[in-house]
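Welcome, and thanks for taking a look with me. Here are a few notes to read beside the model.

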Amino acid sequence: MRVAILGVGTVGSEVANVLLRNQKLISARSGMNITPVVGVVRDLNKKRDSKIPLSDDINSVIDRDDIDVYVELMGGIDEPYKVVSKILEKKKPIVTANKAMLAYHRNELEKLAGDTPFGYEASVAGGIPIIKALREGLSANHIQKIVGIMNGTSNYILTNMMQGGVKFDEVLKKAQELGYAEADPTFDIGGFDTAHKLLILASLAYSVHAKPEDILIEGIEGITNEDIYFANEFEYAIKLLAIAKRREDKVELRVHPALIQKEKMIAKVDGVMNAVSVTGDAVGESLFYGAGAGGSATASAVISDLIDIAREVKNPMLGYKAPLEVLPLGLFKPNEIKTKYYLRLKVVDEIGVLAKITNLMSQNNLSIDSFLQKPRIDKSLDFSTLYFTTHTCLEADMLRVVGLLQSESFIKDRPFMIRIED
């Protein structure tokens, strides 16, 4: 089986190298030789760790009749979508790691692919085989919930803040120095990378074809050491979570920082590691843990798809050969989410403020679960920091309370909230 690699960067080079290095093993597992014969790059003058011939003419490579499978590792959304579409029109199999393209175009690509093999295990959580788990291993289950840590950059930052008391800006700089974060880290710390992965999993679990603009996406930029203080006091960890939950005939899809009890399995996933918890009605909870990024882990996932193609494994691209329900599952709007909340307030230190806050919350359907006032060590400060947690309530009610509090004269800084995940 002759393979062309479109995009020979860190991952593409590693795909080629592993295919060559482990050729006998891969041949024994797949039943045939899987050989990388050409790679496509933008700049032929750039030095690369690759042992295959390279070309900068993508159209000539796409038009070759001797290529059996194409591996798309270009990055981006619209340009790779055009390239992949052209290849599928030729009925040639595709393997991709492009989560952004799939977040926006997976439904169109599924229709275009038809029975043509289309692998994308590497698009979510690197070397963790979560796509296969949902599409195959857990296919008998109604998926009740998915909770995932799927961005190593954010998890590294939050782990260091939780365990070392390091400030956000300091640990972000360290992450950039170590190569865990990009020079512009917005895509990772803003939650967008995680959201793309969640949308792919939601299609497999629920046949929901939402796009990033349809779901709640929040990043970790606003978390401070005060929030870390509260989390440690109440035995919580703070993680950037991807969450999918089915409630009756609708699904919640959301990405945001969340407080979770330290005793939970997923709360123990630290550093740059990833994990995905899946709860099915038959199997219960399963946790998938491993390296979520990096050339080797991602290459491993790409090659697993190539082996499936060589074996002629035929799975429907998004996991369903027929509609999931008579009526398709709907998607909850972000303000229809139901969960518990943590609220941090900086307030004027005077009599009656606490009563005003609790009255305002009760008038807007919020029930307080716990309350903490941080000791004011610096007596020169003219404000106190209050922390609240609520019982389960509607997102719309919580947002309304935050807006009302922000307009009050006794509030010294913008109220900050974090959702709590049981």
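Where does L178 lie? This predicted model counts local features from pLDDT of at least 70, side-chain atom pairs at pLDDT 80 or more, and all residues in totals for chains, interfaces and linings. Residues are numbered from 1 along each chain as its sequence is written, and side-chain values use heavy atoms, without hydrogens and water.

1. L178 sits in the loop between α8 (168-177) and α9 (186-189). Helices here are DSSP runs of H or I, at least four residues, numbered from the N terminus. L178 is partly exposed because its relative accessibility is 46%; the class lies between buried, under 20%, and exposed, over 50% (1.4 Å probe, protein chains only).

2. Together with Y180 and V272, L178 makes a nonpolar surface patch of about 240 Å². Patch residues have over 30% relative accessible area and no salt bridge, with nonpolar side chains joined within 5 Å and like charges within 9 Å. A salt bridge means a Lys or Arg side-chain nitrogen within 4 Å of an Asp or Glu carboxyl oxygen.

3. In the unreviewed UniProt entry, the annotation "binding site" covers L6, G7, V8, G9, T10, V11, G12 and S13; such annotations may be inferred rather than shown by experiment. Among these residues, G7, G9, T10, V11 and G12 are included in the lining of the largest pocket.

4. T10 belongs to helix α1 (residues 10-21), and V11 is in helix α1 too. T10 counts as exposed because its relative accessibility is 64%, while V11, at 21%, is partly exposed. Beyond its neighbours within four places in sequence, V11 contacts (heavy atoms within 4.5 Å) L73, G295, T298 and A299.

Conventions. Areas by Shrake-Rupley, 256 points an atom, 1.4 Å probe, with all protein chains shown as cover. Helix = DSSP H or I, 4+ residues; strand = E, 2+ residues; numbered from the N terminus. 1 Å grid on protein atoms, 1.4 Å probe; cavity = no way out; pocket = protein on both sides within 12 Å on 5 of 7 lines; lining within 4 Å.
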